[in-house]
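Hi,

Here is the model I promised to pass on. Have it open while you read, and my notes on what turned up follow below.

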Amino acid sequence: MKKNIKKHPSSFRDPSGFIFADQETIFRQINQSYQSDYQQLMNSGLYQKLVEKKLLVTHQEIKSTNFYSDQGYKIIQPQRLNFISYPYEWCFGQLKAAALATLQIQKTALNFKMSLKDASSYNLQFLNGQPIFIDTLSFEKYSVGQPWVAYRQFCQHFVAPLALMKYKDLRLNQLFRIFVDGVPLDLASSLLPFSTKFKFSLLTHLHLHAKSQKHFADKSINKKTKKMNWRALRGLIDSLENTINNLELPKSHTEWGEYYSFTNYSPTAFEDKKNIIKNLLKEIRPKTVWDLGANDGLFSRLASQQDIETIAFDIDLLAVEKNYRQIVKNKEKGLLPLFIDLTNPSPSLGWQNQERASLLKRGPAEMIMALALIHHFTISNNTPFVKSAEFFSQLGHSLIIEFIPKNDSKVQKLLATREDIFSDYNQIAFENAFKKYFLIKKIIKIKDSNRIIYLMEKK
Amino acid sequence: MKQKSNLIFLSLFFLLVTKTAHAYLDPGSGSFIFQIIIAGLLSGAFAIKMYFKKIKKLFTRIFNRKKTDYEEEHKETP
């Protein structure tokens, strides 16, 4: 085996196989113990069906027998995804779509006499607005009478966080950052309002389920003698599907009005800003763009509509939600909206702090867009210009950044509630700080506005 | 010689015995028991739902509509 082959740090729990990377190419070794399940997946028509429905990533079998370890049966090369996102970066709609996709896959699998042996939200990614399952080895042969081994995991990864986001606070998706295997049901049960006990689906799959877990916590049971028939299993999946479908955000959350499209500059300035960005993107032609502070993705679309793989990051979960719903509605391609707090971006998490990669490790992008963002870093987070410049230089190779002068009403709004200690907040200080990490290529003033767009390239 | 035959026997044994994937995920005793109980209750509701689906399917056939993916997913047998 070559030295530059590396096993993926998150791929160690399932003995059926694992992911490894040979330089830039991703492979999956299937172990001999999974041989018969893999054959069933491929020969029964299940793989074909799921791929047709765009619910499962495609893969190619590799002829090589140069296995990573001696338990190897086959090596496959899965379809490449440009970016891996995590459930703590998804909005409500994305987590809900991932939950429904998991159940759809399980229902389809049962029709082919197979069943999902896990139901982790990390098994799904987003491709062109749709959730897609990435773990080809999650399917096992279904034998009659067998309960769903992943029921607990499904409730922890989907039912509990979605219920908490709906009934308590959208920001509770951040519990995924603390609990590596989904939200513990006893915690969800204690946090949810008492009224949720009057909803049959949540009473059963969350509250009573949590009680049952507590009751049997130290008891061992003979699982081989405990059976449930196929109809009961389908009834369970059906009930979970109804539970997820009924979890909807209140209308007060989703009737956005003009809030997200409100700007403090004139229509002329707005059009000019769009044209400037569009032309800069055409000129540079980056393969990937990360739009930081993207709001509902209006400017991100200038990139994705030019077939550039774009990620629209924002700290406002409702803005991400609005962006996601627009992508689904219009079947948009090449745009992925994600939640991120840029002052505290996703860290490396999990076993040995390596299972889930930090934001920085998943970069850099070819281009960063930071429109109407720098004043938030500087004034709301007290970040000196030079620290912002350093951060952007770690995230991408080139940068489109908007400088917003102090007299702009958006800056004044941030200063309204605090003392102005930002005597260095000016264009010259901004340029000098960014020159430490970037070469300034272009400076373009937006018509009918005091705002300025810069194109920069990393030194 | 004996060692050799032992080795051959062991190799044959591992080749012939079908290897099965072992469930790696702990379903949790409480979750396991609970789903059996709750699914028992839900199976009745599911059976009724399927009954109505069959009636709907009959009408669909009458009107000669193309079989949809949705109906296929709701097949009653695995």
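First, a term: helices (H or I, at least four residues) and strands (E, at least two) are DSSP runs, numbered from the N terminus. On that basis chain A has 16 helices and 16 strands. Its radius of gyration (taken over C-alpha atoms) is 24 Å, close to the 23 Å that the globule rule (2.2 Å times the number of residues to the power 0.38) gives for 459 residues, so chain A is as compact as a globular protein of that length.

Some housekeeping: this is a predicted model, in which local features need pLDDT of at least 70 and side-chain atom pairs count only at pLDDT 80 or more, while totals for chains, interfaces and linings use all residues. Residues are numbered from 1 along each chain as its sequence is written, and chains are lettered from A and ligands numbered from 1 in the order in which they are written.

**Chain A overall**

The C-alpha trace of chain A spans about 75 × 60 × 40 Å along its principal axes. Of its 459 residues, 44% count as buried; a residue is buried if 20 or more other C-beta atoms lie within 10 Å of its own, exposed if 12 or fewer, and partly exposed in between, with C-beta atoms placed from the backbone. I call two residues in contact if their C-beta atoms, placed from the backbone, lie within 7 Å. Among contacts in chain A between residues at least 6 apart in sequence, 67% join residues at least 24 apart.

**A helix pair**

Have a look at α3 (residues 92-111) and α4 (residues 151-167) of chain A: F92(A), L95(A), K96(A), A99(A) and T102(A) in α3(A) meet F154(A), F158(A), P161(A), L162(A) and M165(A) in α4(A). By class, this contact has eight nonpolar, one polar and one charged residues.

**Around M456(A)**

M456(A) sits in strand β16 (residues 452-458) of chain A. It counts as buried, because it has 25 C-beta neighbours inside 10 Å. Leaving aside neighbours within four places in sequence, M456(A) is in contact with residues including S398(A), L399(A), F434(A) and F438(A).

**Chain B**

Chain B has three helices and zero strands, running α-α-α from the N terminus on. Buried residues make up 18% of its 78 residues. How many residues of chain B are in contact with chain A? There are 30, and they are in contact with 51 residues of chain A. Helix α2 (residues 29-62) of chain B gives the largest share of that side, 17 residues. The side of chain B that touches chain A divides into 16 nonpolar, 10 polar and four charged residues.

Cheers

Key. Axes are lines fitted to C-alpha atoms, for helices over the stretch in contact, and angles run from 0 to 180 degrees between N-to-C directions. Ala, Val, Leu, Ile, Met, Phe, Trp, Tyr, Cys and Pro count as nonpolar, Asp, Glu, Lys and Arg as charged, and the others, Gly among them, as polar.
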